[in-house]
Protein chains: 2
Amino acid sequence: MEEQTTELEERAPSTLQIVEGLLDYGLLQDAADILAPIHEADAARVLEQLSSGEQLDIVRHVSPEQAAALLGQLNRDDAVRVANAMDGEALSQVLDLASMDVAADLLRGLPWGYRREIMGGMRRADEVASLLSYEDESAGGLMIPDLVVLRDWMTAEEAIAHLRGSKPRAEISNYLLVMDRHNRLAGVAHLRDLVLASATTAVRELMNESVHAVEAGTDQEECARVMAQYDLTQLPVVDENQELLGLILSEDIIDVLEEEATEDMLLLASFGETEKTLGPLRRSFRTRLPWLLLNLGTVMMAAAIINIFESTIAGAAFLAVFLPMVASQGGIAGTQTLTLVTRGLALGELPFTSARRALLKEAALGVINGVLFGLVAGSLAYWWKGNPELGIVVGVAMVLNMIVAGLFGAIVPLTLKALHMDPALGSAVLLTTVTDVAGFGFLLLLASWLLV
Amino acid sequence: MEEQTTELEERAPSTLQIVEGLLDYGLLQDAADILAPIHEADAARVLEQLSSGEQLDIVRHVSPEQAAALLGQLNRDDAVRVANAMDGEALSQVLDLASMDVAADLLRGLPWGYRREIMGGMRRADEVASLLSYEDESAGGLMIPDLVVLRDWMTAEEAIAHLRGSKPRAEISNYLLVMDRHNRLAGVAHLRDLVLASATTAVRELMNESVHAVEAGTDQEECARVMAQYDLTQLPVVDENQELLGLILSEDIIDVLEEEATEDMLLLASFGETEKTLGPLRRSFRTRLPWLLLNLGTVMMAAAIINIFESTIAGAAFLAVFLPMVASQGGIAGTQTLTLVTRGLALGELPFTSARRALLKEAALGVINGVLFGLVAGSLAYWWKGNPELGIVVGVAMVLNMIVAGLFGAIVPLTLKALHMDPALGSAVLLTTVTDVAGFGFLLLLASWLLV
């Protein structure tokens, strides 16, 4: 038995160093041999820290079975890149050995012509083709097809005999779906209950008729939400006529949940696409650059606002002291709202029908916090600079900016959701631009009226 | 069969409105009766949008079985608050009907004296007591104890007979743990393989000897990580002698993953504790206030920096235009690094032994982006204001602030992790304070030397 926790942390980096060393000396086969006895999940983690070329070298030098397992464990971008660079015949052989949802997922990522070539060389092309019609991130793309199902009129004994007689590759789940005479999903039976029941009990009496199911086009995030909400270990996928297409397993949904949370978190922090902490420097640079460029562009708007009021500042330089205060407080309040609403939408805690309610609440919080911090900031400004008009200017600008922050933080993810876009796109870059522009604008406009 | 997806979104708010209406009229029993036929997960979602007093009213008016199910589905804070306010005798009865990990979790949240009273009234006090010694957020607190296990010398037929003979309440998992003669975990067998094997096959031949297990004290986030990494549907929990204590199920780990991701996301966005989008306004206000206050305090530091250089700004008001540019660009770059490193640590993608490597990479990115954006910003400043010294001041301040942002964004979560604190605590409030103070400081200090 393995002591996973400690071993993993200590082994991963040293294995990586050895593999990198061997690759540097061109000892490709030796590097592959080092990874062969390691669990594919650990090996994939090591692989993810190598360059694309090195990943390809390793995958080419392990056995086809190992290559199939590795491609299934690598993150999708890396796996598709490697598959795309592999020799066609070798890839066909590897995909035949992979699980069908992995194979379909990789094939979806290949250019159309190459995909046809690969499928032409696969023995299991038909099985994979049935999955290819579904979107990668939908229930259809996640499910395992080709299930063994029971019939509601079988006895427990007949059901077990049916399981024994089913073809070997079919996935036999521990939760067995039961169909009625019309081929429609009638319920779900535990293998455990089937084994423990007396031989003549009908499956109909053992099964639970309340089954949660999703249609094939359902987004994977929604599937994850249903499984988390109802503590399901499997989720049947049906077509529009309630006919069974396949089954999503909780193992696969765990990966989806981690992926989606990471994606949202990074998007909120202004990343274009997912990035690995220890991935190559060049890729990190490319991933972050567009958002930094965008921010430079948007922050120019804030700078332009200040530029308009340059003479106001020249006449009252102490105003510059309060610019970051008003802008930053709005930035934090807006980030709070933005993150909460985005996460609420992702978890399904905030049904879209309650959008108005959430918006009103955030607006109300904006007013309350605005008045509170407006009073505090205004008093501070008065006490610090001994200027009552300055106190009023700072206080009112704070109230207005906090309201803008609350409204904007809620409206942006809700609007994106209404437009069927990812709510997390309303990221830090956009939010802080708005709170900066509004904060500077309110403060300097009021100051130009009241102070100078 | 239910059509879950659409029904949920449309039913949740209207049920909530009906329940709220009935509660307003004091019709507590009617409100409880509305929730009774609904799946407990949906009912709990409705309950979470009510006040604590209303939650208690509902739980008091449903059957003890329903109360147990509801407490198991409510978020922990609400469930503990309700349990604490319940009558002792009623609570003992409800906890006897709850699953043991839920009961232990709630008892942990009660004051010591009340907990003793409740356990005194419980029939299953002994079973729960064995779980209470573990931390709520540890493997021991998540596991289901009291497993039916197989012995490696049993035949398939004997194993199934053993399962049939086991006491009814014991959880029979689909993955059966197998112990050797020394009571140590020897492997794991699929119920499926047991059923499909010939009667005389030994369990030893059917089982998989490679089992991932964790010790009872392991943090739940680490457990989730191991299960996600190796696609496990169950994770055995052992003591320091490798003797089996219990089993963690993937259903429970899905909740943990969502909780931890939400917690990290909200912490990064400067929330003290988890908050519900549609929760009561007063609670939202209280949750966010401390961080807004903290930000007001920290932003005063940035204001103080500007205050020191007030005469510099009075002499060159156009400097104020470039203050937000340098600060904001550092803020975004720092947020990117902070979020990526925090998420990497949470997912276990960034083993602590690679901390130095991550730090060097982020510092290198800081230098590269700093030089790049320093050149761009410096050229912009020169082109805009026709002042070459201003171009140098803005460019150099940008380089320095981007390096600070990269370093700080990486050092803070890594340091928190080294101190065994939550890396996500290095939140937006702290990060933007540093990038504001550094950005303003560099720009104004350089300006006071070179420009005025």
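A bit of bookkeeping comes before the details. Residues are numbered from 1 along each chain as its sequence is written, while chains are lettered from A and ligands numbered from 1 in the order in which they are written. Since this is a predicted model, local features need pLDDT of at least 70 and side-chain atom pairs count only at pLDDT 80 or more, while totals for chains, interfaces and linings use all residues.

| Domain of chain A | Residues |
|---|---|
| domain 1 | 4–133 |
| domain 2 | 150–258 |
| domain 3 | 281–450 |

Between the C-alpha centres of domain 2 and domain 3 of chain A there is a gap of 49 Å.

Next, the sheets. Strands here are DSSP runs of E with at least two residues, helices are runs of H or I with at least four, and both are numbered from the N terminus. Two strands pair if DSSP finds at least two bridges between them. Chain A has an open sheet of three strands in the order 2-3-4, with mixed pairing. Its edges are strand 2 (150–151) and strand 4 (185–190) of chain A; each has a single partner strand, so one side of each has no neighbour in the sheet. Strand 2 of chain A runs parallel to strand 3 (residues 175–179) of chain A, and two bridges join them. Arg151(A) sits opposite Met179(A) of strand 3 of chain A.

Over in chain B, an open three-stranded sheet also has the order 2-3-4 and mixed pairing. Strand 2 (150–151) and strand 4 (185–190) of chain B are the edge strands, each pairing on one side only. Strand 3 (residues 175–179) of chain B is antiparallel to strand 4 of chain B, with five bridges between them. Met179(B) has Leu185(B) in strand 4 of chain B as its bridge partner.

Now for some helices. Just past helix 20 of chain A, Gly386(A) adopts a positive phi of about 60°.

Burial goes by C-beta atoms placed from the backbone: a residue is buried with 20 or more others within 10 Å of its own, exposed with 12 or fewer, and partly exposed in between. Helix 3 (residues 40–47) of chain B has six of its eight residues buried, so it is largely enclosed by the rest of the structure. Among them are Glu40(B) and Arg45(B).

Leu107(B) belongs to helix 8 (residues 100–109) of chain B. It counts as buried because it has 23 C-beta neighbours inside 10 Å. Contact means C-beta atoms, placed from the backbone, within 7 Å. Leaving aside neighbours within four places in sequence, Leu107(B) is in contact with Arg115(B), Ile118(B), Met119(B), Val128(B) and Leu132(B). The C-alpha atoms of Leu107(B) and Leu132(B) are 7.9 Å apart, although 25 residues separate the two along the chain.

A nonpolar core is a set of buried Ala, Val, Leu, Ile, Met, Phe, Trp, Tyr and Cys residues joined through C-beta atoms within 7 Å. The largest one has 250 residues, and those with the most contacts inside it include Leu319(A) and Leu319(B). A second, separate core has 36 residues, including Val59(A) and Ile118(A).

Finally, the chain contact takes 109 residues from chain A and 109 residues from chain B. On the side of chain A that touches chain B, helix 19 (residues 319–347) of chain A gives the most, with 19 residues.

Definitions and conventions. Contact = placed C-beta atoms within 7 Å. Domains from an automatic or database assignment.
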